[in-house]
Amino acid sequence: MSPAPGKTRLRHGVPRILGALAFAALLGGLVAGIRDLPRLGDPASPAATHVSPRFIEAAARETGAANMVTAVLADYRGYDTLGETAVIFAAGLGCLIILALAAADRRETPPPGLTHRFGSPILDVSARVLTPWILMFALYVLIHGHVSPGGGFQGGVLFGSGLVVVRLVRGRRGPAFGPGPRAALVLACAGVLAFLGIGFLAMAFGGEFLDYGTLPLGGDEAHVRELATLGVEAAVFAAVAGTVCVLFATISAGVRETEAARSAGSASPPGSDG
Amino acid sequence: MTVYLFIVALFILGLGGMSLLPNLLRKLLAMNVMQVAVIVFFLAAAFKDGASVPILAESGPEGIAAEGYMNPLPHTLMLTAIVVSVSTTGLALGILIRIRRRFDTLNEVSLLRRLR
Amino acid sequence: MRESLPGLLVAVPLAGAALVPLIGALFRRGARETALVLHAGVFAIALALFALVQDGAPIAYAMGGWPGPWGIELRLDGLSALMALLTAGMACFAAPLDLSGRRSGAAGGRTSPFGDSLLRGVLLLLLAGLLGIVATRDLFNLFVFMEISSLAAYTLIAAGGGKATIAAFRYLLAGTAAGSLYLFGVGFLYALTGTLNMDDLPVQLAAAAPGAALATGVTLIAIGLSIKAALFPLHGWLPDVYVFAPTATTGFIAAVMAKVSAYALLRLLGETLFGVEAGAFVLDVLLWLGIGGVLVGGALAIAQTDVARMLAWSSISAMGTILIAVAVGSELAVTAALFHVVAHALAKGCFFFAAGALAGGLGLSRVQSWAGLASRLPGTAVAVTVAAFSLIGLPPVAGFFSKYLLLAATWNAGGAAGAAAFAALIASSLLAAVYLFRVLEAVWFRSPAQGSLLAEAPRTGPERLRLPRPLVFAVGALAALTLAGGLFAAAVERRLPRWPLPEPVGAASDLSRLDSARQEGAGTPGRRVLR
């Protein structure tokens with residue numbers, strides 16, 4: 001299981017020296033580079049005076065969002081955010097594929113020989129009290145992203161985690177709570193598609209992809225953009241929450257498999273959960 | 001300057017750990033350290049002396065001065081970069097679980113011996 | 001319609017990536033057909049764009065209606081349209097294949113409850129990521145789409161199971177290091193200029209004083225992209241990935257993925273950062289590294305007994321060749337590089353699909369085990385021969401003409417570096433002849449070893465050896481295209497974009513501003529003097 005003693009390192013001799021030289025060169029280059037950068041916090045630095053002033057001065061007028069980060073994230077650079085959603089969706093799909101989730105659509109049934117007990121009365125009660133607040137706070141973070149720190153990603157992660165907490169505490173014995181793997185996957189796909197759908201809709205009404213200003217929602221452009229931004233954030237929320245549930249379901253299915261293999265295998269005692 | 005030195009140190013530590021540590025899980029942790037260095041680097045570019053967080057104060061949209069708020073662009077970019085980093089880590093953990101189950105080790109030398 | 005095509009080029013495969021798993025999860029069938037239709041649609045969009053930019057006018061697209069440098073701009077010009085067409089086309093060949101790592105015949109094994117729809121979604125994600133890199137004009141957006149394509153690639157590779165998971169993990173580490181180095185470099189450029197837009201950046205840089213920070217940023221970007229492009233000596237991740245990944249994945253990745261990173265290198269160093277002193281220095285270094293890669297890749301390919309591993313080292317050699325041409329940077333050199341990109345993608349895709357079909361389906365992975373292939377699978381043997389001719393650079397196939405153009409370009413470049421590059425290209429063809437003729441000799445002139453699969457199989461009748469039909473189609477079509485690329489080389493060459501590329505015509509870009517910045521910089525893009 002462990003390698004032969006003394007053979008834990010890969011590189012010896014010349015490659016190792018070359019590697020050390022490469023690192024020294026990189027370190028030297030980086031240190032030389034940082035000495036030449038604008039002073040930290042300089043209000044006259046290029047980053048502070050070019051491009052970004054528009055985001056600060058015009059975001060509220062142009063996009064209706066008081067939180068400039070939200071304005072840039074969901075509107076000016078909404079395409080980046082679409083890419084970001086695709087990245088997290090890719091990770092979800094990847095884990096689902098790699099861990100080859102078996103029997104995904106079967107609802108939770110404890111496998112024979114499972115001796116683990118999740119949780120305790122204290123955890124159980126705490127989860128009962130906390131979970132509704134966590135889920136509600138997640139929605140608050142989503143909706144309030146316009147005027148305070150927050151947004152679809154943060155809210156989605158919170159919401160997904162809230163669902164996962166229940167599963168962690170109750171284990172598989174309790175009644176199923178939240179979406180199963182299939183439903184979670186559908187939720188994630190639907191989130192990504194909703195984001196793209198808003199982009200395509202803007203196209204259908206004569207704008208560029210993701211150009212929310214063309215959507216016929218009534219009111220002035222900033223208001224329309226604000227509404228569309230909320231829609232986009234909600235789509236991201238669904239995609240992220242779905243992916244979190246997919247990831248948890250995938251990994252917990254793996255845990256079940258290991259446990260089943262262990263108990264079927266030999267006398268190895270049930271380890272601590274975690 | 002000190003901040004930048006700290007960032008370079010973090011980055012080199014991470015990259016060095018990725019190439020030198022023998023255990024794949026440790027490599028992954030080192031990778032995260034390296035990514036954090038880049039994230040902090042961008043955030044340093046957002047910093048302005050005497051500026052507030054990039055959320056509009058309640059006074060309303062009139063007379064907003066760019067000097068009064070931090071640069072929101074690096075913050076936005078790094079939100080994306082953080083999500084990318086988390087996603088990569090998640091996928092990497094999935095692959096590691098698979099490797100551990102199949103080969104019963106996460107030591108790179110032993111695994112490379114299996115590859116040849 | 002013309003104006004909205006760049007947006008659709010990326011949005012359609014992204015939508016497909018979510019739609020196909022959704023269909024798989026809800027209906028359990030129809031996912032494969034949807035994926036194929038979407039791949040064909042993306043290819044049609046890329047083809048339309050390629051035809052539209054033939055008049056020389058690029059198509060700019062402001063995502064979300066925000067012009068650069070505030071929003072993210074896409075732009076399709078001759079170069080990016082060619083790369084998009086190549087990528088979308090190769091994806092069409094990979095799409096109908098079995099993306100899982102299952103050995104054909106072993107029908108059992110655990111499959112996902114959603115069938116192959118997840119893998120098909122991931123292939124569309126990979127395509128969307130690569131097309132996003134090709135289309136974008138934004139440095140950070142390039143990073144995002146690079147990571148989309150990377151994550152999708154890791155997944156497709158790891159789906160092979162077993163040893164492929166180790167290769168995928170090592171690729172993940174290398175790819176993430178590459179992404180972080182690139183992003184670090186972008187951070188330097190951002191701190192110096194305040195912009196991420198590839199058109200705005202030269203303007204801002206012309207105003208800024210050159211210094212160590214700029215040099216560091218440019219170098220970091222170059223290192224990051226070189227890792228992704230598997231440029232010697234940063235190629236370590238490549239051989240294992242190409243050997244252990246599932247056949248369809250290898251064929252697609254080997255054909256286009258590293259080349260898209262080389263494209264990004266050309267874009268950034270040859271265009272956006274052109275005139276930056278550090279950029280010119282980095283290009284000089286890349287030229288010598290390319291020469292090193294050509295020789296090392298070729299030499300190590302000879303040392304291999306496994307066909308796929310031999311092809312992987314041959315790819316490292318080919319990436320060196322492309323990097324040489326990119327570094328030379330003259331009009332002829334870039335034309336030659338693009339011709340080589342196309343020729344190599346077609347031939348290597350063909351060869352890898354064939355090798356994967358034989359290794360995965362029939363267990364024929366070693367060069368020796370291919371002995372007598374011509375007598376049992378004559379069609380595959382012919383296709384492999386065409387591909388091998390192209391990789392060596394023999395007439396009358398596409399590889400001959402790209403090698404010829406490359407030689408002419410390096411000869412014209414002059415100087416010690418030009419001469420060394422010329423010699424290295426000659427050497428690479430000779431090395432390729434050594435390792436590929438070994439394969440061809442086994443295929444055509446040896447008889448199958450006693451008791452081997454090829455010896456046992458009957459030549460005719462229902463029991464004769466057969467490869468999966470989509471694979472046969474992919475191998476045959478790619479070989480035919482390789483041959484056509486040689487027979488109609490003049491026509492292909494005419495359709496390649498001329499370097500340096502024309503400036504865009506679009507509301508978003510202020511032309512006069514850019515021109516004055518260019519004049520303040522060091523000369524015209526694409527006119528480098530080799531030292």
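What share of the contacts in chain B with a separation of 6 or more comes from residues 24 or more positions apart? In this predicted model, the figure comes out at 49%. The C-alpha trace of chain B spans about 65 × 30 × 15 Å along its principal axes, and 44% of the residues in the chain are buried.

Next comes the pairing of chain B with chain A. Helix α5 of chain A (residues 78-98) packs with helix α3 of chain B (residues 72-103) at an angle of about 10°, their axes lying 9 Å apart. Because of that angle, α5(A) counts as roughly parallel to α3(B). Among the residues making this contact are A:Val87, A:Ile88, A:Ala91 and A:Gly94 from α5(A), along with B:Val84, B:Ser87, B:Leu91 and B:Arg98 from α3(B). By type, the contact has 10 nonpolar residues, six polar and three charged.

Helix α5(A) turns up again where chain A meets chain C. Here, 56 residues of chain A are in contact with 59 residues of chain C. On the chain A side, α1, α2, α3, α4, α5 and α8 each supply at least two residues, with α5(A) giving the most, at 15 residues. The side of chain A that touches chain C divides into 34 nonpolar, 11 polar and 11 charged residues.

Technical notes: Residues are numbered from 1 along each chain as its sequence is written. Chains are lettered from A and ligands numbered from 1 in the order in which they are written. This is a predicted model: local features need pLDDT of at least 70, side-chain atom pairs count only at pLDDT 80 or more; totals for chains, interfaces and linings use all residues. Axes are lines fitted to C-alpha atoms, for helices over the stretch in contact, and angles run from 0 to 180 degrees between N-to-C directions. Helices (H or I, at least four residues) and strands (E, at least two) are DSSP runs, numbered from the N terminus. Angles under 35 degrees count as roughly parallel, over 145 as roughly antiparallel, 65 to 115 as roughly perpendicular and the rest as oblique. Two residues are in contact if their C-beta atoms, placed from the backbone, lie within 7 Å. Ala, Val, Leu, Ile, Met, Phe, Trp, Tyr, Cys and Pro count as nonpolar, Asp, Glu, Lys and Arg as charged, and the others, Gly among them, as polar. A residue is buried if 20 or more other C-beta atoms lie within 10 Å of its own, exposed if 12 or fewer, and partly exposed in between; C-beta atoms are placed from the backbone.
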